[in-house]
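Here is a briefing on a single protein model. Look over the sequence and the coordinates, then read on.

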Amino acid sequence: MHQEAEHGRGNSHVPARGAIAADQGVVVLARPPIVYLVSILAGFGLNAVWPARMIPSAIEPIGGWLILLAVALFALSVREFRRARTPIRTRKPVTAVITTGPYRFSRNPIYLSFTLLQLGLGLWANSAWLVGLLIPTLVLMSYGVIAREERYMAQKFGDEYLRYRASVRRWI
């Protein structure tokens with residue numbers, strides 16, 4: 001969970017827009033696992049009603065590899081949260097800026113793993129719906145979740161987070 005807030009903004013007792021006064025975590029538009037689950041279920045549902053193939057059958061197995069990559073990336077990312085003893089859930093206060101493991105390459109490897117999972121499922125099922133629904137999902141994640149998280153992180157950790165944000169990409 002990595003967020004950006006305006007640093008050095010007036011009175012330190014007044015939280016930046018989107019932050020919670022008593023540091024109860026960050027308020028996002030929707031919980032990320034739910035966002036992806038709804039997108040995946042909607043994709044499978046639409047595909048069941050109006051099948052829309054998008055790739056040659058020979059490419060479908062790539063989806064399985066992406067699913068495995070997603071699971072591995074998720075597991076490695078969660079391990080770093082546990083090592084840092086900081087909560088994963090957005091509504092709980094973060095206690096550290098994680099910069100190790102997959103967080104050396106991506107500020108949001110868990111969200112990247114969810115994206116790879118949906119893409120992998122879409123390729124494996126050969127569903128244009130599953131892949132196509134990634135577009136609104138990524139827009140919601142970028143603006144309704146990640147931007148809010150980044151504001152929170154910058155407000156809470158200041159220069160430490162801002163240096164990290166400047167040196168590591170949001171996705172990959």
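Is Arg85 buried or exposed? Arg85 counts as exposed, because its relative accessibility is 74%. Exposed means over 50% relative accessible area, buried means under 20%, and partly exposed lies in between (1.4 Å probe, protein chains only).

This is a predicted model: local features need pLDDT of at least 70, side-chain atom pairs count only at pLDDT 80 or more, and totals for chains, interfaces and linings use all residues. Residues are numbered from 1 along each chain as its sequence is written, and side-chain values use heavy atoms, with hydrogens and water left out.

**Overall fold**

- The protein has six helices and zero strands. Helices (H or I, at least four residues) and strands (E, at least two) are DSSP runs, numbered from the N terminus.
- The pattern along the sequence is α-α-α-α-α-α.
- Of the 172 residues in the protein, 43% are buried.
- Among contacts with a separation of 6 or more, 81% join residues 24 or more positions apart. Contact means heavy atoms within 4.5 Å.
- The accessible surface is about 9300 Å², and 65% of it belongs to carbon and sulfur atoms. Areas come from the Shrake-Rupley method with a 1.4 Å probe; for residues, only the protein chains shown count as cover.

**Helix 3**

**Packing of helix 3 on helix 5**

- Two packed helices are described by the angle between their axes and the distance between the axes.
- The axes of helix 3 and helix 5 (residues 134-157) come within 12 Å and cross at roughly 175 degrees. Axes are lines fitted to C-alpha atoms, for helices over the stretch in contact, and angles run from 0 to 180 degrees between N-to-C directions.
- The two helices are therefore roughly antiparallel to each other, a label for angles over 145 degrees.
- Helix 3 makes this contact through Tyr111, Thr115, Gln118 and Leu119. Helix 5 contributes Leu134, Thr137, Leu138, Met141, Val145, Ile146 and Glu149.

**Loop between helix 2 and helix 3**

- Arg85 lies in this loop. Its phi is near 55 degrees, a positive value in a residue other than glycine.
- Most residues other than glycine have a negative phi.
- Thr86 lies in the loop too. At 7% relative accessibility, Thr86 counts as buried.
- A polar atom of the Thr86 side chain lies 2.8 Å from the backbone nitrogen of Thr95.
- Leaving out residues up to four places away in sequence, Thr86 touches Phe81, Pro93, Val94, Thr95, Ala96 and Ile98.

**Glu60 and Asn126**

- Glu60 sits in the loop between helix 1 (32-49) and helix 2. Its relative accessibility is 17%, so Glu60 counts as buried.
- Beyond residues up to four places away in sequence, Glu60 touches Arg53, Ile55, Leu123, Trp124 and Asn126.
- Asn126 is in the loop between helix 3 and helix 4 (128-132).
- Asn126 counts as buried, because its relative accessibility is 1%.
- Asn126 is not a glycine, yet its phi is positive, at about 50 degrees.

Conventions. A polar contact is a pair of N or O atoms within 3.5 Å; within protein, one must be able to donate a hydrogen and the other to accept it, and residues adjacent in sequence count only if both atoms are side-chain atoms. Angles under 35 degrees count as roughly parallel, over 145 as roughly antiparallel, 65 to 115 as roughly perpendicular and the rest as oblique.
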